[in-house]
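Let's take a walk through this model together, from the overall layout to the packing and the charged pairs. Have the sequence and the coordinates open side by side.

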Amino acid sequence: MKLSDKGYSLIVKHETGGNIDKYLTAYKDPVGIWTIGIGNTFYENGAKVKQGDKISLERAKQLFYNIVPQFEKGVLEAVKIPLNQNQFDALVSLCYNIGVSAFKSSTVVKLINSKAPDTEIIQSWQSWNKGTISGTKTVLPGLVRRRKEETELFFFSPTGKKIATFASILIVVGLLAVLTKSF
């Protein structure tokens, strides 16, 4: 299975905000990691992006397309149940953002593989909305938006039909969060 155009667009949207030209010179992401192009923190040879690195638009696209297969592979190795294209795309986006190692050991993957209730999967998935800034886990609005879009994509069939009523799932997740905090 390969990332679809929809999956590529989702990642590019969240990694560049739709303005890739802005990211052709290395910059520090919200948690202080040197990044370039379409959210790349390393090059094909494994070398880390560093301050002062510059690439062209074509190189940014090439780097992205060359690196995505390792995240596709990470999803295929970790997830043991059949996936539709939307589910695969959503999982590759998550894997691309959090890294293959974190993805493979995530509760999200464990819950998907055990065919847990949708509400549990969503709650676990949406917990990946924080970054460590100055030693403190901080909710990042960009990650909140990304996780919402990924879970929406995951729970829609490739034809656009809802697999589950997303609004009702979010209500249940919200209630679970309230109940959990009450005890």
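Which residue forms a salt bridge with Glu-77? The partner is Lys-104, with the closest N and O atoms 2.4 Å apart; a salt bridge here is a side-chain nitrogen of Lys or Arg within 4 Å of a carboxyl oxygen of Asp or Glu. Lys-104 lies in helix H4 (residues 100–104) and Glu-77 in helix H2, so the pair ties together parts that are 27 residues apart in sequence.

Before going on, a word on the ground rules. This is a predicted model, so local features need pLDDT of at least 70 and side-chain atom pairs count only at pLDDT 80 or more, while totals for chains, interfaces and linings use all residues. Residues are numbered from 1 along each chain as its sequence is written, and side-chain values use heavy atoms, with hydrogens and water left out.

Now zoom out. The chain has 8 helices and 4 strands, taken as DSSP runs numbered from the N terminus (helices are H or I, at least four residues; strands are E, at least two). Along the sequence they follow the pattern α-β-β-α-α-α-α-α-β-β-α-α. Of the 183 residues in the chain, 42% are buried, where buried means under 20% relative accessible area, exposed over 50%, and partly exposed in between (1.4 Å probe, protein chains only).

Next, the inside. In soluble globular proteins, nonpolar side chains tend to be buried together. The largest nonpolar core here has 42 residues; such a core is a set of buried Ala, Val, Leu, Ile, Met, Phe, Trp, Tyr and Cys residues joined through side-chain atoms within 4.5 Å. Val-75, Leu-91, Phe-103, Ile-112, Trp-125 and Phe-154 touch the most other members. Helices that each supply at least two residues of this core include H1 (5–16), H2 (57–78), H3 (85–98) and H7 (141–154). Leaving aside residues up to four places away in sequence, Leu-91 touches, among others, Val-79, Leu-83 and Trp-125, a contact being heavy atoms within 4.5 Å.

Val-68 is found in helix H2 and, at 0% relative accessibility, counts as buried. Beyond residues up to four places away in sequence, Val-68 touches Leu-3, Tyr-8 and Tyr-96.

Tyr-8 brings us to H1, where Gly-7, Leu-10, Ile-11, Glu-15 and Thr-16 are also among the buried residues. Their cover includes strand S1 (27–28), H2, H3 and H7. At the N-terminal end, Ser-4 caps H1 with a side-chain oxygen 3.2 Å from the backbone nitrogen of Lys-6. Just after H1, Gly-17 takes a positive phi of about 65°.

Back to the charges. Side chains of opposite charge can pair when their charged atoms come close. The salt bridge count comes to 10. One of them joins Lys-13 and Glu-149 (2.8 Å, N to O), and this pair links distant parts of the chain: Lys-13 is in H1 and Glu-149 in H7, 136 residues apart. Lys-13 is partly exposed at 43% relative accessibility, as is Glu-149 with a relative accessible area of 24%.

Lys-148 and Glu-152 also form a salt bridge, with their closest N and O atoms 2.5 Å apart. Being 4 residues apart in helix H7, they are separated by about one helical turn. Finally, salt bridges that share partners join Glu-15, Arg-146, Arg-147 and Glu-150 into one network.

Conventions. A polar contact is a pair of N or O atoms within 3.5 Å; within protein, one must be able to donate a hydrogen and the other to accept it, and residues adjacent in sequence count only if both atoms are side-chain atoms.
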